[in-house]
Amino acid sequence: HRNVLLVSVSEGQTLANYSTKQGNTLLSRELIHGDRDPVIIEYGISNRWGLGVTSGMDVFKINPAQYYGFNVANNLIKSTSSEFTFDGNYHFFVNRRLDLSAFASLGCFSVHYKGVDRGEVAYSYTANGNILRLGTKVRYYFYKHLGAFGMLSSYAATTSTKDVKDNSVARDIRTNING
């Protein structure tokens, strides 16, 4: 509704095509599962349209030898992607209990991991870029201001290590995640 502020917090799964490139050479591409944690704030500018922002994070467990060319003792590290997007929402079905909407998002995206292998060899990587996300949301209200929220979306994100300092590994490797 017009002049309504919606705040949604979610926890879920993501299925993504995680890939890395060095120059024009594909190093690795694989479909992997991750954990997703978005926070969404939306303001209703009319009874059908809303503008908002989303801040989210995905966590993937990856083998760094496969994607970035270095080894760790247990073969897996946590790669974290984070995003901050501006969102446009169209609510195509709204009644007292149910709200169905479609959205498009565009914003900043980064991939990061950091750790110490075997207590002595430190590694860190950051790559920055952009994300485009399209999807649908459903809200079911139990009470006037409290309900359940679900989201299904698809996204494409590209990153680069250009102008990033302090990377100790994979200095010229780009990460792309589509999910």
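Me: How do the residues of the lining of the largest cavity divide into nonpolar, polar and charged?

Reply: In this predicted model, the lining of the largest cavity divides into three nonpolar, three polar and five charged residues. Arg36, Glu83, Asp87, Arg133 and Lys137 belong to that lining, and they count as charged because Asp, Glu, Lys and Arg make up that class.

Me: What makes this space a cavity, and how many of 30 Å³ or more does the structure hold?

Reply: The structure holds one cavity of 30 Å³ or more, and about 40 Å³ of space lies in the largest cavity. The word cavity applies because a 1.4 Å probe fits there but cannot get out. Strand 5 (77-94) is among the elements that each supply at least two residues of its lining, and the largest share, three residues, comes from strand 5.

Me: Which strand gives the most to the lining of the second largest pocket?

Reply: Strand 8 gives the most, with six residues, and the pocket itself, with about 260 Å³ of space, is lined by 16 residues, among which Gln13, Arg36, Met151, Leu152 and Ser153 lie nearest its centre. Arg36 and Met151 are also named in the lining of the largest cavity.

Me: How do you know that strand 1 and strand 3 pair?

Reply: Five bridges join strand 1 (residues 5-9) to strand 3 (residues 25-44), and since pairing requires at least two bridges, the two strands therefore count as paired. They run antiparallel, and Val9 stands opposite Val39 in strand 3. Strand 1 has a covered face, Leu6 and Ser8, and an uncovered one, Leu5, Val7 and Val9. In a regular strand the side chains alternate between the two faces of the sheet.

Me: What makes the residues of the largest nonpolar core a core?

Reply: The largest nonpolar core has 23 residues, and they form a core because they are buried residues of the listed nonpolar kinds, joined through side-chain atoms within 4.5 Å. Tyr18, Tyr68 and Tyr113 have the most contacts inside this core, and its largest share, four residues, comes from strand 7. Leaving aside neighbours within four places in sequence, Tyr68 is in contact with residues including Tyr18, Tyr113 and Tyr125.

Key. Residues numbered from 1 in each chain as written. Predicted model: local features only at pLDDT ≥ 70, side-chain atom pairs only at ≥ 80, totals over all residues. Heavy atoms only, no water. Buried < 20%, exposed > 50% of the residue type's maximum accessible area, 1.4 Å probe, protein only. Contact = heavy atoms within 4.5 Å. 1 Å grid on protein atoms, 1.4 Å probe; cavity = no way out; pocket = protein on both sides within 12 Å on 5 of 7 lines; lining within 4 Å. Points joined across faces, edges and corners; volume = space filled by probe spheres on them.
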